[in-house]
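Welcome! Here is a short tour of this structure, arranged by topic.

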Amino acid sequence: MSFMELIKRAKENQDFSILSENIPYMKALGINVHQYGGLLITTLKANPQLAGNPWIPALHGGNIGGLLEMAAIVQLAHDQESDDLPRTINITVEYLRTGFIKDLHAKALVTKRGRRVANVQVQCWQDDPGKPVASMHGHFLMS
Amino acid sequence: MTDKALMERLVHFRSKPENQSPFAVYIGLKILDIDKGEATVSVPYAEHLAGNSLTGILHGGIITTTLDAVCGLSVIAALGGPTTIATLDLRIDYLKPATPKEDVFAYGHCYKVTRNVCFVRGIAYQSDKSKPIANATATFMITAKGTGKEVQKNAQPELAQGETK
C-alpha cells in the first residue's frame, strides 16, 4: 500500500497504527502517530538503541531529525485531499536540549501551504512541551 | 590523503564497547577515511530502514543520521582527537532520492574551528561522489571541558586560524 493510501485508511478509521505497521523506518525506530482531538502527535518511543552518545546516554541527532521530518510529512499528508505524496526539499533542525532516552513527542504546524511548496515548522519535547528538545523547519514539494 | 595516525586513534577509540554509539552500530556505520578536518563513512543499504516498502527507498531520517554522524566525525578530526561535541543545527537539502539496494556514503568537512563553535559542510552520495543525494550544512558546539583556548590549541592549525568569536 502506498503512503497516501495508508494515510487515507488511517483517517477513515481514526487509527494511525497502520502507518507504523507498514512503513519500515517507522517500525524499526518505533515511531507512532496518535490523534488527540484535531491534533496529530508523532512519538518516538524510548529505546536505548537509538542513542548516539553512549555516555549520557542521549538520542542520536539523526533520529531526532528523522522524527521531526516524519511528523511534518504525516501532517501534510493528513491535511490534503490529493494523492500526491509530499516530498522533502530541505529541512533545518535546531538542537536545543539533550534528547534523553525517553519518549519524544513532535507536533507539526503548517506555516504555509502553497500549490507547489509547503513550509512546515515542527517542535519536539519529552516531559514538558514548554521545553523543546529540537525544532525544525522545512520545505516540501506538494505536486 | 589519509591521516593514518588520527584514523587509527579514532577507530581504536570507537572499537571499545563503552564508546560505541548504539545507533551507529545498529545501522552499520563504518569509518572509511579520516583526514585533517575530513571524514568519510558508509552505511549499508537496509530494507527495514526504508521510508516506503513499495519502492524500498531509504527514509530521509537515515540520510539525516548519516550526515549528522559524518559531520560530527569531521569536527572530531579537526579537533585532533576524541572530545565531546553537540550539534547546534543541521540543514539538509535532499537533491535526489537514494537508489534502493545501494549503500550510502557520506563525506564531511569541518572547514572552520573557533573557540566554541565548529562549521561543517557535508554530502551524502552512492555510486558517484559527483552526484550527491543530499547536501548538509551544520554547526557544532564544543562541549568538552577545556573548551576555549585549550581545545583550539590541539586543533589542526590551518582550521583554527584567524579571529575567534
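The largest pocket holds about 900 Å³ of space. A pocket here is an open set of points on a 1 Å grid over the protein atoms alone, with protein on both sides within 12 Å along at least five of seven lines, and lining residues have an atom within 4 Å of a point. Grid points are joined across faces, edges and corners, and a volume is the space filled by probe spheres set on the points. This is a predicted model, where local features need pLDDT of at least 70, side-chain atom pairs count only at pLDDT 80 or more, and totals for chains, interfaces and linings use all residues. Residues are numbered from 1 along each chain as its sequence is written, chains are lettered from A and ligands numbered from 1 in the order in which they are written, and side-chain values use heavy atoms, with hydrogens and water left out.

**The largest pocket**

- Of the 37 residues lining the largest pocket, G52(A), N53(A), I85(B), A86(B) and T87(B) are the closest to its centre.
- Elements that each supply at least two lining residues are β3 (51–53), β4 (58–59) and α4 of chain A, together with α1 (4–15), α3, β3 and β6 of chain B. Helices (H or I, at least four residues) and strands (E, at least two) are DSSP runs, numbered from the N terminus.
- With five residues, α3(B) gives the most to this lining.

- One cavity of 30 Å³ or more turns up in a search of the whole structure; a cavity is a set of grid points where a 1.4 Å probe fits but cannot get out.
- The largest cavity contains about 40 Å³ of space.
- Its lining is made of M1(A), S2(A), F3(A), L6(A), N22(A), I23(A), G51(B), N52(B) and S53(B).
- N52(B) sits in the loop between β2 and α3 of chain B.
- Is N52(B) buried or exposed? Its relative accessibility is 15%, so N52(B) counts as buried; buried means under 20% relative accessible area, exposed over 50%, and partly exposed in between (1.4 Å probe, protein chains only).
- Leaving aside residues up to four places away in sequence, N52(B) touches F3(A), P24(A) and I57(B), where contact means heavy atoms within 4.5 Å.

**The sheet across both chains**

- An open sheet is formed by 12 strands in the order β1(A)-β2(A)-β6(A)-β7(A)-β8(A)-β5(A)-β3(B)-β6(B)-β5(B)-β4(B)-β2(B)-β1(B), with antiparallel pairing. Two strands pair if DSSP finds at least two bridges between them.
- At the edges stand β1 (31–36) of chain A and β1 (30–35) of chain B; each has a single partner strand, so one side of each is left without a neighbour in the sheet.
- From one strand to the next, the twist averages 20°. Axes are lines fitted to C-alpha atoms, for helices over the stretch in contact, and angles run from 0 to 180 degrees between N-to-C directions.
- In chain B, eight bridges join the antiparallel strands β5 (residues 117–125) and β6 (residues 134–142), and A124(B) stands opposite A134(B) in β6(B).
- β1(B) and β2(B) run antiparallel and are joined by five bridges; they form a hairpin with two residues between them, and G37(B) in the turn has a positive phi of about 70°.

**Helices on the sheet**

- Helix α4 (residues 61–79) of chain A runs at about 50° to β6(A), one of the strands it lies across.
- Helix α3 (residues 60–79) of chain B runs at about 40° to β4(B), and β5 of chain A is among the strands it lies across.

**Chain B as a whole**

- Chain B has five helices and six strands.
- Of the 165 residues in chain B, 52% are buried.

**Cysteines**

- Taking a disulfide as a pair of cysteine sulfur atoms within 2.5 Å, the count is zero disulfides over all chains.
- C110(B) is in no disulfide, and the nearest cysteine sulfur, that of C118(B), is 4.7 Å away.
- C110(B) counts as buried because its relative accessibility is 0%, and C118(B) counts as buried at 0% as well.

**Backbone details**

- A cis peptide bond, with omega of about -15°, joins I56(A) and P57(A); P57(A) is in the loop between β3 and β4 of chain A.
- Q14(A) is not a glycine, yet has a positive phi of about 55°. At 57% relative accessibility, Q14(A) counts as exposed.
- K101(B), also not a glycine, has a positive phi of about 70° and lies in the loop between β3 and β4 of chain B.
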